[in-house]
Amino acid sequence: MVVFLGSALIASGFNLFLIPHRLLSGGVSGLAMLVGYFTPFSISLLYLIFNIPLLVAGWFQLGRRFIVLSIVSVAATTWLMAIFPIRSVASDMLLASVFGGVLVGIGSGISFRVGGSSGGFDILGSIITRYRDFPVGNVLVALNALVILAAAYFDNNWNLALASMVSLYVSGKVVDMIHISHIKVTVFIVTNKTDEMLRQLLGLQRGVTKIKTEGAYTHEEKDMLMTVTTRYELAELQRIIKKSDPQAFVNIVETVGVMGAFRKR
């Protein structure tokens, strides 16, 4: 239901703000809009078609739960874009880019919070970084920049390109506000149910370090589990922790870099 709500917000941002002004969103949706503006094909149908090969590739390369939720998001967004009317809510192009970006950012952000994504270049960027040492964010910026530059070239209107950049910036900031958007995070878990938690955590195929700890006030001995994971797996990890030990103390911190053996996803 959360993913469906996110899809409704994304479709609203597209049909009510961006598409009426021929503005672009980021990722595959922007590519679908670009092609749709210059061809008779439906933008919603193009959005689905362009996402299919990425979802298939992600099924074999990335986490299954992440891809299943992404499939739900893409399917719901496609359907809602087809039934929502394309109607300009804001007459000013800059206002449309800002509020369209806010809606798309909220929709994408809440999808990330439950462990999925809105599909598209997020999946492609994650796959690329598994084989090349590039940050996901840099990959996505480069891909989005190519789409916007193509729009400016074919439409011969740099105002549209600049307004689209504003929309991309706003949506990215909103996603950051809603979701922990760092590529890698370190999770510290203090628990009394070490064996049960390890049994499920190790199923994520991430390394876990067990550290003996003692409470300074209670002098009670506990175990602290430390693991480094990606933003895409963070929601699944949090679900495991809540299920295994709802009373566990958990600290999630940004990881600037990792050296040694680490499986990027």
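A search of the whole structure finds 3 salt bridges, a salt bridge being a side-chain nitrogen of Lys or Arg within 4 Å of a carboxyl oxygen of Asp or Glu. This is a predicted model, where local features need pLDDT of at least 70 and side-chain atom pairs count only at pLDDT 80 or more, while totals for chains, interfaces and linings use all residues. Residues are numbered from 1 along each chain as its sequence is written, and side-chain values use heavy atoms, with hydrogens and water left out.

**Overall layout**

- The chain contains 10 helices and 4 strands; helices (H or I, at least four residues) and strands (E, at least two) are DSSP runs numbered from the N terminus.
- Along the sequence, these elements follow the pattern α-α-α-α-α-α-α-α-β-α-β-β-α-β.
- Of the 265 residues in the chain, 48% are buried. Here buried means under 20% relative accessible area, exposed means over 50%, and partly exposed lies in between (1.4 Å probe, protein chains only).

**Salt bridges**

- As background, side chains of opposite charge can pair when their charged atoms come close.
- Arg-199 and Glu-196 meet through their side chains in a salt bridge, at 3.1 Å from N to O. Both residues belong to helix α9 (residues 194-201), where they sit 3 residues apart, about one turn of the helix. Arg-199 is exposed, with a relative accessible area of 57%, whereas Glu-196 counts as partly exposed at 32%.
- Lys-212 and Asp-223 also meet in a salt bridge, at 3.0 Å from N to O. Lys-212 lies in strand β2 and Asp-223 in strand β3 (residues 221-230), so this pair ties together parts that are 11 residues apart in sequence. The Lys-212 end counts as exposed at 66% relative accessibility, while Asp-223 counts as buried at 10%.
- Glu-236 forms a salt bridge with Arg-239, and their closest N and O atoms are 2.7 Å apart. Helix α10 (residues 231-244) holds both Glu-236 and Arg-239, 3 residues apart, about one turn of the helix. Glu-236 counts as buried because its relative accessibility is 16%; Arg-239 is partly exposed at 36%.

**The sheet**

- The 4 strands form an open sheet in the order β2-β3-β1-β4, with antiparallel pairing; two strands pair if DSSP finds at least two bridges between them.
- At the edges are β2 (208-214) and β4 (249-254), each of which pairs on one side only.
- On average, neighbouring strands of this sheet are turned by 20 degrees against each other, direction ignored. The axes behind such angles are lines fitted to C-alpha atoms, for helices over the stretch in contact, and angles run from 0 to 180 degrees between N-to-C directions.
- Strand β1 (residues 184-191) pairs with β4 in the antiparallel sense over 6 bridges.

**Helix α2**

- The 12 residues of α2 (residues 27-38) should span 16 Å at 1.5 Å a residue, and its end C-alpha atoms are 18 Å apart, which agrees. The expected span is 1.5 Å times one less than the number of residues in the helix.
- Because 9 of its 12 residues are buried, α2 is largely enclosed by the rest of the structure.
- The buried residues of α2 are Gly-27, Val-28, Ser-29, Gly-30, Ala-32, Met-33, Leu-34, Gly-36 and Tyr-37.

**Helix α3 and the nonpolar patch**

- A nonpolar patch on the surface is formed by Leu-45, Leu-48, Ile-49, Ile-52, Val-56, Trp-59, Phe-60, Val-68, Ile-71 and Val-72, with about 850 Å² of accessible area together. Two elements give two or more residues to this patch, α3 (43-61) and α4 (64-83).
- Patches are made of residues with over 30% relative accessible area and no salt bridge, joining like charges within 9 Å and nonpolar side chains (Val, Leu, Ile, Met, Phe, Trp, Tyr) within 5 Å. Accessible areas come from the Shrake-Rupley method with a 1.4 Å probe, and for residues only the protein chains shown count as cover.
- Helix α3 gives the most to the nonpolar patch, with 7 residues.
- Leu-48 is found in helix α3 and counts as partly exposed at 30% relative accessibility.
- Ala-57 lies in helix α3 and is partly exposed, with a relative accessible area of 30%. The C-alpha atoms of Ala-57 and Leu-124 are separated by 8.5 Å, with the two residues 67 apart along the chain.
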